[in-house]
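This briefing covers one protein chain, topic by topic. The sequence and structure come before the details.

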Amino acid sequence: QVQLLESGGGLVQAGGSLRLSCAASGLAFSSSYSMGWFRQAPGKEREFVTQIGRIGGSTYSDSVKGRFTIARDNAKNTVYLHMNSLKPEDTAVYYCAAALGTITARAPFWGKGTLVTVSS
């Protein structure tokens, strides 16, 4: 059974930093999967944040480029999201996703999310 478990969310002041983690289990050859993060703010659609391919290439949404960094540790089956210079508009539930190809909203595997709240 595939499980993606996010952690690291919380309350932070604007300008601060957080690191989210997503631990994957049950994925055969998990290093073969692309991993990514989406987020959903209250009253808004889920939106793409970032993804990292199986060999490390990454893409970012324009709204987080230069502030967020995604990284993966295949030995630990874990992907990280380092978030710096946080803004109130980054407040959202952050979801981890996994797929064999490019991460999209139709990725087959999702975590349950972790809440990030950025206060002004």
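In this predicted model, the mean positions of the 12 positive and 7 negative charges of the protein chain lie 5 Å apart. The chain contains 11 strands and 0 helices, and a disulfide joins C22 and C96.

**Surface and burial**
- The protein chain has an accessible surface of about 6400 Å², and carbon and sulfur atoms account for 50% of that area.
- Of the 120 residues in the chain, 42% are buried.

**Fold and dimensions**
- Along the sequence, the secondary structure reads β-β-β-β-β-β-β-β-β-β-β.
- The radius of gyration of the protein chain is 13 Å, which agrees with the value near 14 Å that a compact globule of 120 residues would have.
- Taken along the principal axes, the box filled by the C-alpha atoms is roughly 40 × 25 × 20 Å.
- Counting contacts between residues at least 6 apart in sequence, 55% join residues at least 24 apart.

**Disulfide**
- The structure holds 1 disulfide.
- This disulfide is formed by C22 and C96, with their sulfur atoms 2.1 Å apart.
- The link of C22 and C96 is left-handed, with -80° about the S-S bond.
- The pair connects distant parts of the chain, as C22 belongs to strand β3 (residues 18–25) and C96 to strand β9 (residues 92–99), 74 residues apart.
- C22 has a relative accessible area of 0% and is therefore buried.
- C96 also counts as buried, because its relative accessibility is 0%.

- N77 is not a glycine, yet it has a positive phi of about 50°.
- N77 sits in the loop between β7 (68–73) and β8 (78–83).
- The relative accessibility of N77 is 31%, so N77 counts as partly exposed, a class that lies between the limits of 20% and 50%.
- S85 has a positive phi of about 50°, although S85 is not a glycine either.
- The loop between β8 and β9 holds S85.
- With 40% relative accessibility, S85 counts as partly exposed.

**Points to locate in the view**

Technical notes. Residues are numbered from 1 along each chain as its sequence is written. This is a predicted model: local features need pLDDT of at least 70, side-chain atom pairs count only at pLDDT 80 or more; totals for chains, interfaces and linings use all residues. Side-chain values use heavy atoms; hydrogens and water are left out. Helices (H or I, at least four residues) and strands (E, at least two) are DSSP runs, numbered from the N terminus. The radius of gyration is taken over C-alpha atoms; the globule rule is 2.2 Å times the number of residues to the power 0.38. Buried means under 20% relative accessible area, exposed over 50%, partly exposed in between (1.4 Å probe, protein chains only). Contact means heavy atoms within 4.5 Å. Accessible areas come from the Shrake-Rupley method with a 1.4 Å probe; for residues, only the protein chains shown count as cover. Lys and Arg count as positive and Asp and Glu as negative; His and the chain ends are not counted. The place of a charge is taken as NZ of Lys, CZ of Arg, CG of Asp or CD of Glu. A disulfide is a pair of cysteine sulfur atoms within 2.5 Å.
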